[in-house]
Amino acid sequence: MSTNTIEEGLRLTLEKRVENEELAKNIGTSRVSVLATSSLILFMEKAVSMLIEPYLEEGTETVSSEINIKHFKPVGEGVLIRCLVHLKFIEKNKLFFDVVILDENHEEVAIGAHSRYIVQLEKFNKLIER
């Protein structure tokens, strides 16, 4: 069980190099050899999850509820990208994040907003049981 409190203002920076399997041409979303927007979103979600995970109480998890991004700049395989995440505000069990992705030249690749709900795993799992 976490003894840390989830508070507005939490931040995390996550870095990675763009990998071949993340390119649009390799996941089937385009024929271009650049980071696919869907891969960029996955990177954002991972960064947000890594930020919040240490603060979750036992028996809870977060689930994505909304993502809104603008993908400005193409980046190719091997480029270092950095995701900066900021927990902007909390509304009951809903968390709202600002996210920015920068390339190795500190230029914006994408910006966005992401929200996640904190759920009780036992109750949540009952919703999906058939």
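Ala 47 is buried, at 0% relative accessibility. That value comes from a predicted model. The residue belongs to helix α2, which covers residues 37–52. Beyond its neighbours within four places in sequence, Ala 47 is in contact with Leu 12, Leu 14, Cys 83 and Val 85.

Two of those partners, Leu 12 and Leu 14, have numbers that fall in strand β1, residues 11–17. Cys 83 and Val 85 fall in β3, residues 80–91. Ala 47 can also be placed relative to Val 99. The two are 52 residues apart in sequence, yet their C-alpha atoms are 9.1 Å apart in space.

Is Ser 39 buried or exposed? It is buried, with a relative accessible area of 10%; the cut-off for buried is under 20%.

Leaving aside residues within four places in sequence, Ser 39 is in contact with Glu 22 and Ile 27. For Glu 22 there is a polar detail. A polar atom of the Ser 39 side chain lies 3.0 Å from the backbone oxygen of Glu 22.

## The five-stranded sheet

Five strands make up an open sheet. Their order is β1-β3-β4-β5-β2, and the pairing is antiparallel. β1 and β2 (60–71) are the edge strands. Each has a single partner strand, so one side of each has no neighbour in the sheet. On average, neighbouring strands are turned by 25° against each other, direction ignored.

Helix α3, residues 121–128, lies across β2 and β5. The helix runs at about 95° to β5.

## Strand by strand

Next comes β3 with β4, residues 94–103. Ten is the bridge count for this antiparallel pair, given as 10 bridges. Ile 81 has Asp 103 in β4 as its bridge partner. The two strands form a hairpin with two residues between them. There, Lys 92 takes a positive phi near 55°.

β4 then pairs with β5, residues 108–120. Nine bridges join these two strands, again antiparallel. Within this pairing, Ile 101 has Ala 110 of β5 as its bridge partner.

## Aromatic rings

How many aromatic pairs does a search of the whole structure find? It finds one. The pair is Phe 89 with Phe 96, and it is stacked. The ring centres are 4.2 Å apart, with 15° between the planes. Planes under 30 degrees apart count as stacked, which is why the pair gets that label.

Phe 89 is partly exposed, at 31% relative accessibility. Phe 96 is buried, at 18%.

The charged end of Lys 16 sits over the ring of Phe 43, 6.0 Å from the ring centre.

Methods:
Residues numbered from 1 in each chain as written. Predicted model: local features only at pLDDT ≥ 70, side-chain atom pairs only at ≥ 80, totals over all residues. Heavy atoms only, no water. Phe/Tyr/Trp six-rings, centres within 6.5 Å; stacked < 30°, edge-to-face > 60°. Buried < 20%, exposed > 50% of the residue type's maximum accessible area, 1.4 Å probe, protein only. Lys NZ or Arg CZ within 6 Å of the ring centre and 35° of its normal. Pairing = 2+ DSSP bridges. Helix = DSSP H or I, 4+ residues; strand = E, 2+ residues; numbered from the N terminus. Axes fitted to C-alpha atoms, helices over the stretch in contact; angles between N-to-C directions. Contact = heavy atoms within 4.5 Å. Polar contact = N/O pair within 3.5 Å; in protein donor to acceptor, adjacent residues only side chain to side chain.
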